[in-house]
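Open the model in your viewer and keep the selection tool at hand. This tour goes stop by stop.

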Amino acid sequence: VKASEPVIAPEPVKAGPWTPFFDHTERVFTEVDKVTRVGVKVDVEAGMPPGSSARVRVETDLPGDLLLHWGVVPRGARADMWTVPPPPMRPEGTKVYGDRAVQSPLKKVTGGLAGDFAYCEVDLGSAPGGLRFVIKESGGRDRWFDNYGADFVVPLPEQAVSTSLNGNVRNNSQTATASPTKNGPKSMEAAQMALGGAAAATFSGIKSNIDASIEEAIKEAAIAMEAAKIAREVAEQATAAAKDLPEDAGASTKARRLIAQANATAERAAITARRAEAAAIRAKAAKDASFSDLTSTAAAANLIKKAEEVEKMAEETWAGADVEISEDTLKRWRDEMELAVTKEAEARAAEAEAAARELLEQRKVEAEQERIEAQAAIESAAAAAVEAKAAAETRAAEASVAKLEAEQAEAAKVAADAQAQAEAALEAEIEQSIQDNMSAAVEEGNSKLAEIERELKERMDALEEMKRAAADPTIERSTDKPSWLVDPEAAIVMPDPVEISEPPRTFAEPVTPPVSSSVVPRVPVAPTPVMPPLDPSTRIQTPTGTGEEMLLQGFNWESSRIEGGGAWYRKMTEMAPQMAEMGITVAWLPPPTDSVSQEGYMPRDLYNLNCKYGTKEELKTCIEALHKHGIKCLGDAVLNHRCAQFQGPDGLWNQYGGKLDWDARAIVSDDPHFGGQGNQSQGDFFHAAPNIDHSQDFVKKDITEWMQWMQSEVGYDGWRLDYVRGFSGTHVKTYMESTNVSFAVGEFWDTLEYDYDSPKYNQDAHRQRIIKWIDDAGGLAGAFDVTTKGILHAVFERQEYWRLSDEDGQPPGVLGRWPSRAVTFIENHDTGSTQGHWRFPEGSEAQGYAYIMTHPGTPTVFWDHVYEWHDQNLVNDIKKLIAFRKECGIHCRSSVNILKAEAGVYAAQIDDRVVMKIGPDAFSPDETEWEYATHGDNWCVWRHR
């Protein structure tokens, strides 16, 4: 540290004993080949009940002035949503940002062994279940730094640690889950690595003498040890779950989930172990290369080659590959064979740590020897300096005499030169005066000539531009004429503009970026027929269908992986008769297009329908089979975002291929990651892919033609619209008016209103946001009733059935305000399946179905609940309720009269046909008027006599 640069120390840790609860670090890529780090550490107060108090510290070595953009996850809320923290939690200088987040300044620390970094510390108390954040640059370019397009997630006590911070950095498709460490990290390195570059450890006070490569090897080993420990814990849970199953039973949902999680954490453990091994090898190579003899240099080169091979093995490691949960698989888990995989990774990490430690000890010895040798060299240099000083004094005296003689000779020479210079200066002044007068005259003439040439060129360019505009309608004309054209005294008279009968398209051909090693040249695509606009008189527009539809989500998050991928359409084709027999009338099919993610929600080439669910022809066969059994089919249209195939001139991924070969003008301009050149966004960002600008005429035209082609070529009857929060509902109105719609539903997934950790009773603002989107779409599409799902969560988790009646005595969800456009559900591929972002309260699924099957709106059945559920009782209950709804003629516009809404029971009459009740408390209608129909666990229904 330079003496002139003061060291600013971080604020002292608040008083009181604290125990580490969770810590981790991630790399953040800010510029080309520039890597910085973000770290987080969570401490809990020692000696207090679990979850009573928590403190979070975020540190980073990102440059510049920074803001922590953060919010809290209320307990019981969706894990991927956040809300504004209460004032007591906000650090000094915090400002509220919108209605879901706050921004707190990060304090800077400069100098010291840890280098420059910034940090922010937050006391969260016991209320929230988690903290989510990104980092924003204040001023400058206002850049946002996030976790590969997602938030950084911090788990808090009494919440399962399921966070992107300890997920797979390479593939981001799965998230490892583990239990929080009860007594903190088991090694010093594991604690030290948690704060990233900002909290680099001093390693017993000798950090200044440790090579960076050895330090990196120790950190990588600590990361590998921690990952191996987590993998072992999850593997033990999966092994226990497998052992709990009967020998002849298949895998339960719990066992499937744990095995999938164990595979993911084992993958990370194997990768980090390989990386730790590679770092240790590189450290030894760096140590060997510090010697000058050829033998050591050659050995270092061999070690570097070995490190590269190990790193390549780490990249190719895939311990979490998707597998069928067969009997053999279960047997391997029962016999603890899979557990050995994590133990092997743990042993490899331990070996890497030991190797790094050995290098560290050797380096300490070498550093001490270097210090002794340096001290001896300093003493020798001091003696030599004394001798040199005496010799220098002698030479200085001799030089002084010589200098005096030289000065006398120089003085005489200067006097002579001065006389000569004076004469030359006089001559030069006369000559310059003559040249200046001549130059001024020439310059004035040249200026007039240049002005004439510029005016002539301007007129010729304008003529050429107008000729091109007349010949090519794709060129947008300028309405501003040059001054000389509107000047009545101008010598040249321009012809009138040529009238064009068809307005020019507002989209010019995309700019093809220069081909480099990272940019793949585009491949020509065969043209696809463009469908003519629909005749309004023949267009089908029934967004609610018949009003008595029964919707099935025809897939889950794992459907693209069965039989190794590409088999789902065939399975749906085979099961069409069973769906019809159950009473399904509409099937929501998975996204069909080419996609970066195999689940289909990162679309790329929209006209390529060969995907991980099957081929285009298999999709058409599937839809034909469903149509044959009277089932309509919805296409899952992902319109908010689209992944680019190529990098643009700015190095960002914003150049598209295929038939829709858009460029950066198709991307909203305020998307911070992809350099969009369109208009500003009209909704929320989906950070993982470029957000499309639907206000562009060419975008809207291309998407409309694609949707029309999907219906004519494939046979879709309507649409499920993904992530409609990202763009205005007015664009959806256009798309629905341009296609045949036998049923349509949008996913407007928004977080509920919370009082810190408890959902508010009044959710009018939440459902009104959904209703506004439906209204913007002209009522031409319904929306999933997320409000009702969230309230049902609170009802069953807290046993507060009174929440099912709003302040007006009506159902509190969208179905209470606009029932015909409410599409009710309790689970889907995001909230449940193997993702589990907002899983429905376990054991309450039958009550949830009893509610949505007897109420207005269009109910949705989730695939897992009828075809892959571990409890056959739920499957039977759903079938009974579907048949009962059809028998009684309940439809999307049925009326509801709430009879009772108390802590332990909810009861309602629907039309004059049905009475239902859910909850553990007793309720029964007048037996002379109502006849018992059927029941299940904590639910019952009656029909009118």
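What follows is a walk from the whole chain down to single residues.

**Before you start**

This is a predicted model, in which local features need pLDDT of at least 70 and side-chain atom pairs count only at pLDDT 80 or more, while totals for chains, interfaces and linings use all residues. Residues are numbered from 1 along each chain as its sequence is written, and side-chain values use heavy atoms, with hydrogens and water left out.

**Stop 1: the whole chain**

Show the protein chain as a cartoon. Its secondary structure comes to 16 helices and 30 strands. These are DSSP runs numbered from the N terminus: helices are H or I with at least four residues, strands are E with at least two. Of the 945 residues, 48% count as buried. Buried means under 20% relative accessible area, exposed over 50%, and partly exposed in between, with a 1.4 Å probe and protein chains only. Now think about contacts, meaning heavy atoms within 4.5 Å. Among contacts with a separation of 6 or more, residues 24 or more positions apart account for 68%.

**Stop 2: the cores**

Select L626, M736, Y849, Y906 and I918. They have the most contacts inside the largest nonpolar core, which has 120 residues. A nonpolar core is a set of buried Ala, Val, Leu, Ile, Met, Phe, Trp, Tyr and Cys residues joined through side-chain atoms within 4.5 Å. Which helix gives the largest share of this core? Helix α10 (residues 697–714) does, with eight residues. Another core lies apart from it; this one has 26 residues, including L66, W70, V84 and I135.

Stay with I918 and show its surroundings. Beyond its neighbours within four places in sequence, I918 is in contact with residues including F796, Y801, Y851, Y906 and W939.

**Stop 3: helix α13**

Select residues 786–798, helix α13. At 1.5 Å a residue, its 13 residues should span 18 Å, and its end C-alpha atoms are 18 Å apart, which agrees. The expected span is 1.5 Å times one less than the number of residues. Is α13 mostly enclosed or open? Because 11 of its 13 residues are buried, α13 is largely enclosed by the rest of the structure. Among the buried ones are V786, I791, L792, V795 and F796. Show what they pack against: β22 (758–759), α12 (764–776), β23 (782–784), α14 (845–854) and β28 (914–918). Then step just past the helix to Q799, which takes a positive phi of about 50 degrees.

**Stop 4**

**Stop 5: two loop residues**

Most residues other than glycine have a negative phi. Select S833, in the loop between β24 (822–824) and α14. Its phi is positive, near 50 degrees. S833 is buried, with a relative accessible area of 10%. Next select D911, in the loop between β27 (906–910) and β28. Phi of D911 is also positive, near 50 degrees, and D911 is buried at 18% relative accessible area.

**Stop 6: cysteines**

How many disulfides are there? The count comes to zero, where a disulfide is a pair of cysteine sulfur atoms within 2.5 Å. Zoom to C633: the nearest cysteine sulfur, that of C622, is 6.3 Å away. C633 is buried, with a relative accessible area of 0%. C888 is buried too, at 10%.

**Stop 7: earlier in the chain**

Select E137 in strand β9 (residues 130–137). E137 is buried, with a relative accessible area of 10%. Leaving aside neighbours within four places in sequence, E137 is in contact with D65, L66, D142, R143 and F145.

Finish at L258 in helix α3 (residues 253–288). L258 is buried at 11% relative accessible area.
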